Amino acid sequence: MWHTSLDVMDKKISAMGKALVDQRKLYLGLLYPTEDYKLYGYVTNSKVKFVMVVDSSNTVLRDNEIRSLHNSYTGIMAFDNMVNSMMMQVC
């Protein structure tokens, strides 16, 4: 499932080309549904790829929640960069 999902991601990314810069295009949607799971894809501006595996019976999780991954990821990265910068000043 993972390998197939990554292949689908690569195909979608290469098909989008420069349009990928638009943040609405970073969410790649449903990549690979199976009987038991749904695999969704997301790629950041810096080409970090997320594959989210969700139980097929889950009807609560929507596209907006999956798209919010980017905000969470960038927040974590900003925090990490700030802490590293502070540590470099102290050392």
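This is a predicted model: local features need pLDDT of at least 70, side-chain atom pairs count only at pLDDT 80 or more; totals for chains, interfaces and linings use all residues.
Residues are numbered from 1 along each chain as its sequence is written, and side-chain values use heavy atoms, with hydrogens and water left out.

## Overall layout

The protein has 3 helices and 3 strands, and along the sequence they follow the pattern α-β-β-β-α-α. Helices (H or I, at least four residues) and strands (E, at least two) are DSSP runs, numbered from the N terminus. Of the 91 residues, 22% count as buried. Buried means under 20% relative accessible area, exposed means over 50%, and partly exposed is in between (1.4 Å probe, protein chains only). Among contacts (heavy atoms within 4.5 Å) between residues at least 6 apart in sequence, 34% join residues at least 24 apart.

## Strands

β1 and β2 pair in the antiparallel sense over 5 bridges, and a hairpin joins β1 to β2 through 3 residues. Two strands pair if DSSP finds at least two bridges between them. Pro 33 has Lys 38 in β2 as its bridge partner.

β2 also pairs with β3 in the antiparallel sense, over 7 bridges. Here Tyr 40 has Met 52 in β3 as its bridge partner. The hairpin formed by β2 and β3 has 5 residues between the strands, and Lys 47 in the turn has a positive phi of about 70°.

Lys 38 is found in strand β2. With a relative accessible area of 24%, Lys 38 is partly exposed. Leaving out residues up to four places away in sequence, Lys 38 touches Leu 30, Tyr 32, Pro 33, Met 52, Val 53, Val 54, Ser 56 and Asn 58. The C-alpha atoms of Lys 38 and Val 51 are separated by 10.0 Å, and these two residues are 13 residues apart along the chain.

## Nonpolar core

A nonpolar core is a set of buried Ala, Val, Leu, Ile, Met, Phe, Trp, Tyr and Cys residues joined through side-chain atoms within 4.5 Å. The largest one has 13 residues, and those with the most contacts inside it are Met 9, Tyr 27, Leu 28, Tyr 40 and Val 43. Two or more residues of this core come from each of α1 (2–16), β1 (27–33), β2 (37–43) and β3 (49–55). β2 gives the largest share, 4 residues. In soluble globular proteins, nonpolar side chains tend to be buried together.

What is Leu 28 in contact with, leaving aside its neighbours within four places in sequence? The list is Met 9, Lys 12, Ile 13, Met 16, Gly 41, Tyr 42 and Val 43.

## Aromatic pairs

Rings of Phe, Tyr and Trp (its six-membered ring) pair if their centres lie within 6.5 Å; planes under 30 degrees apart count as stacked, over 60 as edge-to-face and the rest as tilted.

| Pair | Centre to centre | Angle between planes | Class |
|---|---|---|---|
| Tyr 27 and Tyr 42 | 6.5 Å | 40° | tilted |
| Phe 50 and Tyr 73 | 5.3 Å | 80° | edge-to-face |

Tyr 27 lies in strand β1 and Tyr 42 in strand β2, so their pair ties together parts that are 15 residues apart in sequence. Both Tyr 27 and Tyr 42 are buried. Phe 50 lies in strand β3 and Tyr 73 in helix α3 (residues 69–90), so this pair ties together parts that are 23 residues apart in sequence. Phe 50 counts as partly exposed, at 23% relative accessibility. Tyr 27, Tyr 42, Phe 50 and Tyr 73 form one aromatic cluster.

## Salt bridge

The structure holds 1 salt bridge, defined as a side-chain nitrogen of Lys or Arg within 4 Å of a carboxyl oxygen of Asp or Glu. Asp 10 forms it with Lys 49, and the closest N and O atoms are 2.5 Å apart. Asp 10 lies in helix α1 and Lys 49 in strand β3, so the pair ties together parts that are 39 residues apart in sequence. Asp 10 counts as partly exposed at 37% relative accessibility, and Lys 49 counts as partly exposed at 36%.
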